[in-house]
Amino acid sequence: MVAVPTPSLPGARIVQQDALAFLGALPPDSVDLIVTDPAYSGMNQHLMLGRGRIVGTYQAKGEDRWFDEFHDTPENYRQFLAECRRVLKPDRHIFIMFDSFSMLSLASTVRAVFEVKNIVTWDKVHLGMGHHFRRQSEFIVFASKGRRALARRDIPDIWRIKRLHRAHYPTQKPVELFEAMIASSKTAADTRFTVCDPFAGSGSAAIAALRQGAEFIGCDVSAKAVALARARIDGYLASGVDALQRKPAYDARLQKKFW
Ligand SMILES: C[S@@+](CC[C@H](N)C(=O)[O-])C[C@H]1O[C@@H](n2cnc3c(N)ncnc32)[C@H](O)[C@@H]1O
């Protein structure tokens, strides 16, 4: 059970905007941490699963389409990373999620813009779909702008956090995954700490930031996602209950909680 937040809790703001436009409008050196789970187009163009694409009616157009992809050409992706670097304060961290396909095609670009420190494997505990081995993992590239130590030294590079089954939003990630990223970077001395996710989706990173005592700013290009995320945040702030993930996604027997 989550404690009911007090009025002094930090806030969370999500706007409907393209990630590049949103980041471009933020002042330089203004956020403390970026945690993000972009909608890569490469994976979906290359991996056909059964008769459909990765998520449901992925090929549908207009209203039936789950959500837009970010056109992750090398140029766009580099521009995205450059904007992330510009808005991060000096000596801060960034965590970027990758599936196996985009990991091979795009992750090396991160090294051209940031100081890449490590790759964390997210072990989703339960099997997902997939040809050529069923998918049970995704990857998180951990990098910095300048020098910054982790908040603690005992965190492993494999995080066993259960993937969500029948989530409210396609590709919705467990809040604990983002909590783990935030708790890895934010120290007790960071009394005012702003977390940014420019591909916010249903707002899982926003709930994680609130739980970790941080401010949140983010965007999503989809009006549906923004409406869902805002309602989720308002509900959480009013009641302490996360309506989109009512059960914990971690099991203390599999993963020591460090967040
Ligand atoms: C993988 S989902 C994020 C899911 C999120 N982590 C959650 O737990 O709900 C990626 C999101 O990126 C959004 N998106 C796609 N293209 C975008 C763009 N150009 N700018 C901002 N958001 C975009 C999609 O609408 C989608 O909600």
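A residue counts as buried when its relative accessible area is under 20%, exposed when over 50%, and partly exposed in between, using a 1.4 Å probe and protein chains only. Keep that in mind as you click around.

Before you start: this is a predicted model, where local features need pLDDT of at least 70 and side-chain atom pairs count only at pLDDT 80 or more, while totals for chains, interfaces and linings use all residues. Residues are numbered from 1 along each chain as its sequence is written, and side-chain values use heavy atoms, leaving out hydrogens and water.

Select Cys196, which is buried, with a relative accessible area of 0%. Its closest cysteine sulfur sits in Cys84, 7.0 Å away, too far for a bond. The structure holds zero disulfides (a disulfide being a pair of cysteine sulfur atoms within 2.5 Å).

**Stop two: the rings.** Next, select Tyr40, Phe70, Tyr77, Phe80, Phe98 and Phe199, which ring pairs link into a cluster. Rings of Phe, Tyr and Trp (its six-membered ring) pair if their centres lie within 6.5 Å; planes under 30 degrees apart are stacked, over 60 edge-to-face, and the rest tilted. That rule gives twelve aromatic pairs. Zoom in on Tyr77 and Phe80: their ring centres are 5.7 Å apart and their planes are at 45 degrees, so this pair is tilted. Both residues are buried. They also both belong to helix H3 (residues 74-87), three residues apart, about one turn of the helix. Helices here are DSSP runs (H or I, at least four residues), numbered from the N terminus.

**Stop three: H3 against H4.** Stay on H3 and show helix H4 (residues 100-113): the two axes come within 10 Å and cross at roughly 40 degrees. Axes are lines fitted to C-alpha atoms over the stretch in contact, with angles from 0 to 180 degrees between N-to-C directions. H3 is therefore oblique to H4 (under 35 degrees is roughly parallel, over 145 roughly antiparallel, 65 to 115 roughly perpendicular, the rest oblique). To see the contact (heavy atoms within 4.5 Å), pick residues including Tyr77 and Leu81 of H3 and Leu106 and Val110 of H4.

**Last stop: H5 and H6.** Show helix H5 (residues 175-185) and helix H6 (residues 204-211), which pack at about 50 degrees with axes 8 Å apart. Among the residues making this contact are Phe178 and Ile182 of H5 and Ala205 and Ala208 of H6.

Key: Helices (H or I, at least four residues) and strands (E, at least two) are DSSP runs, numbered from the N terminus.
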